[in-house]
Amino acid sequence: MSYLSRAPDREEAFRALYESAYADLLKFVQRRADVANAEDVVAEAFLIVWRRFSEAPKHQEDARAWLFGITRNLMLNARRGEQRRQALGVRLAEATATSHVDSHADLVSSRVDLGRAWALLSEVHQEALGLAIFENLAAPQAAHVVGISPVAFRLRLTRARRALRLLLDHIPQNESLPPATFPEKATTP
């Protein structure tokens, strides 16, 4: 008899999985990622499990393995996202450097403005622009990467371009960067 069939309802089954796996999962994450973020990663993993609980294997040990797989994928995605953001920053700086023939001072000013505007963009906008421009993905492929429809991606890309233009037109001069809170703050699907 599986733990799922013993539990009277979905909530009880989830609780049983949570109680049986939480401590081990936390150690699993702490060994592979930043210890300070381990609890956040585990919480996110359990949130995903809660949403997809109907897909959980029926036997507890299989469900634990499934949970660990979800957690591992979360950590890999986070690592890839961080690498992608760093690479985008480098490419952004390179693209800016080659697209202007102005004086050195204008070039530096443009790079600083673009870098500041980029930093103020939400992660969602950065991701949309990065996939379309730096990764050179068409809307259907980029939409597949982020798990939305091509129409939704095109809309997201349009908003990202508009947000970047708006920031470039209105970026304050000689001021420190405020926290990145521009429209559509990142929410990962």
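The model is a predicted one, in which local features need pLDDT of at least 70 and side-chain atom pairs count only at pLDDT 80 or more, while totals for chains, interfaces and linings use all residues. Residues are numbered from 1 along each chain as its sequence is written, and side-chain values use heavy atoms, with hydrogens and water left out.

The protein chain holds eight helices and zero strands, where helices (H or I, at least four residues) and strands (E, at least two) are DSSP runs numbered from the N terminus. Read from the N terminus on, the order of elements is α-α-α-α-α-α-α-α. Of the 189 residues in the protein chain, 34% are buried; buried means under 20% relative accessible area, exposed means over 50%, and partly exposed lies in between (1.4 Å probe, protein chains only). The accessible surface of the protein chain is about 11,800 Å², with 53% of that area belonging to carbon and sulfur atoms; such areas come from the Shrake-Rupley method with a 1.4 Å probe, and for residues only the protein chains shown count as cover. Among contacts (heavy atoms within 4.5 Å) with a separation of 6 or more, 66% join residues 24 or more positions apart.

Turning to the interior, helix H6 (residues 123–134) is largely enclosed by the rest of the structure, because nine of its 12 residues are buried. These buried residues include His-125, Gln-126, Leu-129 and Phe-134. After H6 comes Asn-136, which has a positive phi, near 55 degrees.

Leu-164 counts as buried because its relative accessibility is 15%. Trp-118 lies 46 residues from Leu-164 in sequence, yet their C-alpha atoms are 7.1 Å apart.

The surface has its own feature to explore. Lys-27, Arg-31, Arg-32, Arg-72 and Arg-80 form a patch of positive charge there. Patch members have over 30% relative accessible area and no salt bridge, and like charges are joined within 9 Å. Helices H2 (10–32) and H4 (60–99) each contribute at least two residues to the positive patch, and H2 gives the most, with three. Arg-32, found in H2, is partly exposed, with a relative accessible area of 44%.

Key:
Patch = residues over 30% accessible without salt bridge, like charges linked within 9 Å, V, L, I, M, F, W, Y side chains within 5 Å. Salt bridge = Lys/Arg side-chain N within 4 Å of Asp/Glu carboxyl O. Lys, Arg positive; Asp, Glu negative; His and termini not counted. Charge placed at Lys NZ, Arg CZ, Asp CG, Glu CD.
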